[in-house]
Amino acid sequence: MRKIKILWTDDEMDLLRPYIMFLEEKGYEVMTASNGEDAIHLVQKNHFDLIFLDENMPGLSGLETLNKIKADLSAVPVIMITKSEEENIMDAAIGSKIADYLIKPVNPNQILLAIKKNIDTKKLVTKETTSAYQTEFRNIGLLINSARTYADWEEIYRKIVYWELELEKLNETGMSDILMMQKAEADQGFAKFIKSSYLSWFDTNSGNRPLISPNIFKEKVFPLVDNKKKVFVILVDNLRYDQWKTIHPIMSDYFIIEEDEMFCSILPTATQYARNAMFAGLMPEEIQKLNPSLWLNDDEEGAKNMNEEELLVKQMTRLGKKFRFHYEKVLNSRAGKKLVENFSDLIQYDLVVIVYNFIDLLSHTNTEMEMIRELAGSDSAYRSLTHSWFQHSHIHDLIKLLSEKDIKIIFTTDHGSLRVNNPVKVIGDKKTSVNLRYKMGKNLNYNRKDVFEITDPYKAHLPKSNVTSKFIFASQNDFFVYPNNYNYYVNYYKNTFQHGGISMEEMLVPLITMSSKG
């Protein structure tokens, strides 16, 4: 194993000889320089993992030497050692991106701790994290085997997402591969749970139903407005819980996260059904029955989610809510910028609902454009793109403005998505829906073992196009493909992000309540 190589620069190196011997006994390789010029020369000729640099030296000062080193090797951690605690010197050093600083006189343990903090940290963190997951692996496995309720599956999914993000930080592929196998096992168990439990949630006297799409405004939004709070609902279409966790640190800079919850998206986990149900406060069958002009079935022409504002107005009227209300859908950067520019008008309303469609567009573009498919070729890359978009988007600008006001924020979505790679053959007629994770039609032919079938859509409060219509849903990482041009479509859709079916990623989605730190 290669030794850690350290450069120590100080004009009193003779006095530091015991420290050098101490570090060499600990297994570190140490080179020394007595002035800044020699240090720069050594840095140009050698690779160092860490540099100790005296601040007060004749000739080039420590800060001047630091600036020259950082100009060539910005990534090498530099620890400044100084006799002075003057604030302006420390500010200048920190501004030059030192990794740490020590005040003379130093002792060997301080030196060793500084090395471990700046060099050995990643190795130590990797060891501790992987060891912790190895312990947790068994616990998660036991939870998967014993899960009986929706709350059990929420707990399992939270733990899996946590470890997914922790292992991702370490770029530790071995344990990550094990976690992915455990995640696949969990999704298989979750699919069995949904198949056995979902329809029972709609029994008249069912007390086991979790919070689902139609209840979000009634149970989570309207009570806040009733309590005289101004409320902004920010709905990012197709946002998974793990994607929320990647932008959580950005949000926590501005807001107190009061509740980090999940709710269960209804089936199909697609915008037409899940989001319309949220805004209407009704299941799709009831929307079709009560507001037929605002509902289009899969086999009907036209956009399926253009009536969200009217559906929300009708829900408010039905519940006797008379809030001053504003709705906005942001489909592009121009609309996002305009929304921010009109912020002073927005805060005059009691309730503002904003829908951002970027993530959904990203998932569809991932299918259609080879470049985007490469950029979002894995769950990790998909999360990274989400974080990058959010950090540089107008929604981030809006968040900054909201953080300065006494406003409640509900940050949520309608459904998630799943990266698919296992094709399942389905035969249907021309009126069969085109979604890859669910199919609705009257002449469907499939292997019953491969799907969750609902032969009577009314039992799931889903509409029928005709008397013999049925729904089937894919689970785990399956996607539906017709036999015609089978190989072409398998290759085209494999490893793309889809939604509409049964998985923790699609159904267990974030519902976050926040308030300003101010």
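Two strands are said to pair if DSSP finds at least two bridges between them. Helices (H or I, at least four residues) and strands (E, at least two) are themselves DSSP runs, numbered from the N terminus. With these terms in hand, let us walk through the structure. It is a predicted model, in which local features need pLDDT of at least 70 and side-chain atom pairs count only at pLDDT 80 or more, while totals for chains, interfaces and linings use all residues. Residues are numbered from 1 along each chain as its sequence is written, and side-chain values use heavy atoms, with hydrogens and water left out.

Start with the whole chain. The protein chain holds 20 helices and 18 strands, and its C-alpha trace spans about 95 × 55 × 40 Å along the principal axes. Of its 518 residues, 53% count as buried; here buried means under 20% relative accessible area, exposed means over 50%, and partly exposed lies in between (1.4 Å probe, protein chains only). A contact means heavy atoms within 4.5 Å. Taking contacts between residues at least 6 apart in sequence, 75% join residues at least 24 apart.

Is it buried or exposed? Six of the six residues of strand 9 are buried, so the strand is largely enclosed by the rest of the structure. In a regular strand the side chains alternate between the two faces of the sheet. In strand 9, L351, V353 and V355 point one way, V352, I354 and Y356 point the other way, and all are buried. Strand 9 pairs with strand 6 in the parallel sense over six bridges, and V233 has V353 as its bridge partner. Strand 8 and strand 9 likewise pair in the parallel sense over six bridges, with H326 standing opposite V352.

Elsewhere in the sheet, strand 10 (residues 407-412) and strand 18 (residues 508-516) run antiparallel and are joined by five bridges. There, I409 stands opposite M514 of strand 18. In the loop between helix 18 and strand 10 you will find K405. This lysine is partly exposed, with a relative accessible area of 35%. K405 and K517 are 112 residues apart in sequence, yet 9.3 Å apart in space, C-alpha to C-alpha. Leaving aside neighbours within four places in sequence, K405 is in contact with F343, I347 and S516.

Another open sheet has three strands in the order 13-15-14, with antiparallel pairing. Strand 13 (438-441) and strand 14 (452-454) stand at its edges with a single partner strand each, so one side of each is left without a neighbour in the sheet. Strand 14 is joined to strand 15 (residues 470-473) by three bridges, and E453 has I472 of strand 15 as its bridge partner. The loop between strand 14 and strand 15 contains H461, which has a positive phi of about 55° although it is not a glycine.

The peptide bond from K104 to P105 is cis, with omega near 0°; P105 lies in the loop between strand 5 (100-103) and helix 5. A cis peptide bond also joins L267 and P268, where omega is about -10°, and P268 sits in the loop between strand 7 and helix 10 (271-280).
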